[in-house]
Amino acid sequence: MQNDMESVLFSEEKLAERTQELADEISKEYKDKNPLMIGILKGAMPFMSDLVKRMDIYLELDFMDVSSYGNATTSSGEVKILKDLDTNVEGRDVIIVEDIIDSGRTLSYITKMFGYRKANSIKIVTLLDKPEGRVVELPVDYVGFLVPNEFVVGYGLDYAERYRNLPYIGILKPEIYRDK
Ligand code: 5GP
Ligand code: MG
Ligand code: MG
């Protein structure tokens with residue numbers, strides 16, 4: 001698997017360091033709020049796991065799985081809920097945990113939905129943000145790293161469902177796409 005990588009963008013050490021900073025920042029702000037942290041499957045799983053282990057406050061976890069129609073590397077506007085929450089978000093301070101925000105469509109849809117469901121507050125933490133890809137306006141509260149408009153994999157992020165288990169984030173060799 002590692003032979004498929006062209007370059008490393010964020011090493012395991014760098015991811016750990018930045019995740020700790022985000023955990024400290026969020027913990028301070030949500031100390032007495034018992035936030036509901038909602039991970040968007042499957043990409044957010046490794047990041048969320050590392051993030052919450054570094055937060056020494058009371059919090060709850062839940063997960064949602066959504067699919068945005070589109071091909072392997074870009075998303076369309078439509079969002080379909082594949083797995084909904086177990087938790088009622090009404091009155092809760094929600095923190096959505098994402099792997100990467102590109103067009104912003106997925107999270108724009110989800111935050112609106114939590115608004116209809118009467119969450120008390122909704123914030124977003126994303127490991128990566130690609131501001132150049134933004135199509136809809138979306139306030140993002142905590143960002144790990146900004147990334148250029150390139151397709152990245154690893155640490156939750158897939159190409160055709162592979163590479164989510166890479167411990168770092170990198171860029172694939174071009175022939176990996178070409179061979180598909
Ligand atoms: P958005 O609705 O913001 O365009 O879509 C974000 C979703 O698209 C992410 O959760 C992720 O699944 C996918 N995505 C966007 N950019 C990348 C990327 O560079 N690499 C990978 N693996 N997925 C991406
Ligand atoms: Mg995602
Ligand atoms: Mg994907």
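Me: To begin with Val97, what makes a residue count as one that Val97 touches, and which residues are they?

Reply: In this predicted model, two residues are in contact if their C-beta atoms, placed from the backbone, lie within 7 Å. Not counting residues up to four places away in sequence, Val97 touches Met37, Ile38, Gly39, Ile40, Ala44, Phe47, Met48, Leu51 and Val125.

Me: Which residues have the most contacts inside the largest nonpolar core, and how many residues does that core have?

Reply: The largest nonpolar core has 38 residues, and those with the most contacts inside it are Phe47, Val94, Ile95, Ile96, Val97, Leu157 and Ile169. At least two residues of this core come from each of β1 (5–10), α1 (12–29), β2 (36–41), α2 (45–53), β5, α3 and β6 (121–129), and β5 gives the most, with six residues.

Me: What surrounds ligand 1, and which residues are the closest?

Reply: Ligand 1 is surrounded by 18 residues, of which Asp102, Ser103, Arg105, Thr106 and Leu157 are the closest. Two or more residues of this shell come from each of β5 (93–101) and α3 (105–116), with β5 giving the most, four residues. By residue class, the shell divides into seven nonpolar, six polar and five charged.

Me: How do you know that the distance between the ends of α3 agrees with its number of residues?

Reply: The expected span is 1.5 Å times one less than the number of residues. For the 12 residues of α3 that should be 16 Å, and because the end C-alpha atoms are 17 Å apart, the two values agree.

Me: Which residues of α3 are buried, and what covers them?

Reply: Arg105, Thr106, Leu107, Ile110 and Phe114 are the buried residues of α3, and what covers them includes β3 (60–68), β4 (79–83), β5 and β6. Just after α3, Lys118 takes a positive phi of about 65°.

Me: Why is Ser121 called partly exposed?

Reply: A residue is buried with 20 or more other C-beta atoms within 10 Å of its own and exposed with 12 or fewer. Ser121 has 13 C-beta neighbours inside 10 Å, and therefore counts as partly exposed.

Me: Where is Ser121 placed, and with which residues is Ser121 in contact?

Reply: Ser121 lies in strand β6 and, leaving aside neighbours within four places in sequence, is in contact with Asp93 and Val94. Ser121 and Arg92 are 29 residues apart in sequence, while their C-alpha atoms are 6.8 Å apart in space.

Note on methods. Residues are numbered from 1 along each chain as its sequence is written. Chains are lettered from A and ligands numbered from 1 in the order in which they are written. This is a predicted model: local features need pLDDT of at least 70, side-chain atom pairs count only at pLDDT 80 or more; totals for chains, interfaces and linings use all residues. A residue is near a molecule or strand if its C-beta atom, placed from the backbone, lies within 6 Å of it. Ala, Val, Leu, Ile, Met, Phe, Trp, Tyr, Cys and Pro count as nonpolar, Asp, Glu, Lys and Arg as charged, and the others, Gly among them, as polar. A nonpolar core is a set of buried Ala, Val, Leu, Ile, Met, Phe, Trp, Tyr and Cys residues joined through C-beta atoms within 7 Å.
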